[in-house]
Structure formats: C-alpha cells, structure tokens
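Please find below a short note on the attached model. The points cover the ligand shell, the overall dimensions and the helix packing.

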Amino acid sequence: MSDTIIKVSNINKSFRVGTQDVVVLKNISFEVKSNDFLIIFGPSGCGKSTLLHLVLGLEEPTAGTVTFFDKEIWRKTTEDERSEFRKKNIGMVYQQPNWIKSLSVAENVAFPLLLLGVDKTKAKEKAIEILKEVQMENWLGYIPTELSSGQQQKVALARAMVTEPKVIIADEPTGNLDYESGQELMKLLEKLNKEQGKTVIMVTHDLEYLDYSKTAIRMFDGEIAGTYQENEKEKLMDEMKSKRGNGN
Ligand SMILES: Nc1ncnc2c1ncn2[C@@H]1O[C@H](COP(=O)(O)OP(=O)(O)OP(=O)(O)O)[C@@H](O)[C@H]1O
Ligand SMILES: [Mg+2]
C-alpha cells in the first residue's frame, strides 16, 4: 500500500428532523490508501451508510472535509462534477441492486459505459468480458431479476467494474445473501483487490467478513471506536468477543 486516495477529516453530520438536529456522525477522520481493502463495520444505525454517502459526495457534511484523489469533493465541486467524478472513478454495489428492468444482464452491465459515451458495440463487448470474470457469462440474455440474489450481486459487481474504476465502494453487498454466495462475492472482491490493484471499501455489520480486510474500522454510535490493520485482527476479534460477553 502506498499513497492516500481518500482523506476524511473531522467530519460531523447531523440531520434536521422536525425541529431537532440529530447528530449521526461525530468527528470522523481516517485515510484510505491505494489498494487498501477497508471494511467499515458496526451495528445497525451507527452511521455507516451515511459515512459512505459523504465519501461518495451524495450527502454534504455538516462540518469537516472529504478529499478524494486530491480533490475536496464538497466545497469545491458542483453536483454535476460530483456525479461525473463518481461515474469515472468509483464502482458502487448496494445491498439491493437497482436494475433497468427492460434491459438484459449484458445491457445493464454495459449501461454505465453508454453514460460515458462509449459506443454500443464496444460497451457490450466490454460488459461480456467483465461478466466472464465473475463467471456470469452464461446469463447474458436474462433479465437480472430472473436471477438468484447471489447471481444478481455478481452482475452488480460486474456493472460496478465495467468502467474500470480504481475504487469499489460496497454497502452491505452480502446483506441479502446466503453464506455460500456471500463468500463467493467476497472472494471476487478480494481478487479485484489483489490481482487488479483495486481499492475496496465495504460496509457490513457482519463480522464474518473481517478476514478479507486489510484495514478495519469499527464504528459505534456515530464515532470511530477502533481502527485495525491486518496484523491486529486477533486483537480485534478478542475485543469483539469480550464485547459480546458484556452483552454489547
Ligand atoms: N436523511 C436522513 N434524515 C434523518 N436521519 C437520517 C437520515 N439518514 C440517516 N439518518 C439517521 O442516521 C442514523 C444512521 O443511519 P445509517 O443509515 O447511516 O446507519 P447504518 O450504520 O448504515 O445502519 P444499517 O446497518 O442498518 O444500514 C440512523 O439513526 C438514521 O435514522
Ligand atoms: Mg446502512
């Protein structure tokens, strides 16, 4: 791992709900290095998705800054620029994929390339190449919703990869999957990280997947409760075990 590609500095985020400001993220700072496999984990409601939205430029921090590839993505960009930036640099995978239901698997995967102005034939060729990488080349003509959840997530990953982004950001990508499909998806993410040098940022509340991480950030109640490098996994597991013992 070498250079820093994302720098989150002193982020606070609150939402106005009725007449009250609800604080969701408190003084969050961390850096993501190129080729990291970062897993952000913590209980439901602790602010993981909100944090990803800030990093993605989808949600504005109340205070603090996010720098992505040396660009301060909130204060110094327009919404169009942020959208363009995401299209070019980030592949996104969610718990529940959104499909264009009138399009086939291959066409859905090709779609982000069409948005970048790539011609239709080339986009489809590239989509098929990527679908082969995730072992989904036998399902090109299907409508995505005809596939199992595990198969859909592999197609969603192919769609995220088709523009060859440097960074893959995944919010609970295994949330709807059974054990086998979850592991299969994690292995694909690991392969992208190890063999293609992609930086992976993944959010989960499932401790099962921490083994795949190079860096892990534990969140609790809107704050970072711990950061762990690869050689500190044992310490992390011990901490989590003792927490469970305490009923936390
Ligand atoms: N737009 C919003 N307006 C008001 N409150 C919000 C908004 N978005 C998120 N929140 C609140 O922020 C808190 C954190 O939500 P967030 O979705 O980031 O949690 P999470 O860690 O991703 O949870 P989960 O594991 O269930 O996905 C929650 O209490 C939620 O209600
Ligand atoms: Mg969430």
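1. Which element gives the most to the shell around ligand 1? Helix α1 does, with three residues. The model is predicted: local features need pLDDT of at least 70, side-chain atom pairs count only at pLDDT 80 or more, and totals for chains, interfaces and linings use all residues. Residues are numbered from 1 along each chain as its sequence is written, while chains are lettered from A and ligands numbered from 1 in the order in which they are written.

2. Ligand 1 is surrounded by F15, V17, V22, V24, S44, G45, C46, G47, K48, S49, T50 and H205; a residue is near a molecule if its C-beta atom, placed from the backbone, lies within 6 Å of it. At least two residues of this shell come from each of β1 (4-17), β2 (20-33) and α1 (48-55). By class the shell holds five nonpolar, six polar and one charged residues (Ala, Val, Leu, Ile, Met, Phe, Trp, Tyr, Cys and Pro count as nonpolar, Asp, Glu, Lys and Arg as charged, and the others, Gly among them, as polar).

3. The chain contains seven helices and ten strands, these being DSSP runs numbered from the N terminus (helices H or I, at least four residues; strands E, at least two). Its radius of gyration is 18 Å, close to the 18 Å of the globule rule for 248 residues, so the chain is as compact as a globular protein of that length. The radius is taken over C-alpha atoms, and the rule is 2.2 Å times the number of residues to the power 0.38. The C-alpha trace spans about 50 × 40 × 40 Å along its principal axes.

4. Helices α3 (residues 105-115) and α5 (residues 149-161) pack at about 30 degrees, with axes 7 Å apart. Axes are lines fitted to C-alpha atoms, for helices over the stretch in contact, and angles run from 0 to 180 degrees between N-to-C directions. This makes α3 roughly parallel to α5 (angles under 35 degrees count as roughly parallel, over 145 as roughly antiparallel, 65 to 115 as roughly perpendicular and the rest as oblique). In the contact, V105, N108, V109 and P112 of α3 meet V155, A158 and R159 of α5, where two residues are in contact if their C-beta atoms, placed from the backbone, lie within 7 Å. The classes are five nonpolar, one polar and one charged.

5. Helix α3 also packs with α4 (residues 120-133), at an angle of about 120 degrees and with axes 8 Å apart. That makes α3 oblique to α4. Residues in the contact include V105, V109 and L113 of α3 and A123, A127 and L131 of α4. The contact divides into eleven nonpolar, no polar and three charged residues.

6. The angle between α5 and α6 (residues 179-195) is about 15 degrees, with the axes 9 Å apart; the two helices are therefore roughly parallel to each other. Here S149, G150, Q153, K154, L157 and M161 of α5 meet S181, E184, L185, L188 and L192 of α6. This contact has five nonpolar, four polar and two charged residues.
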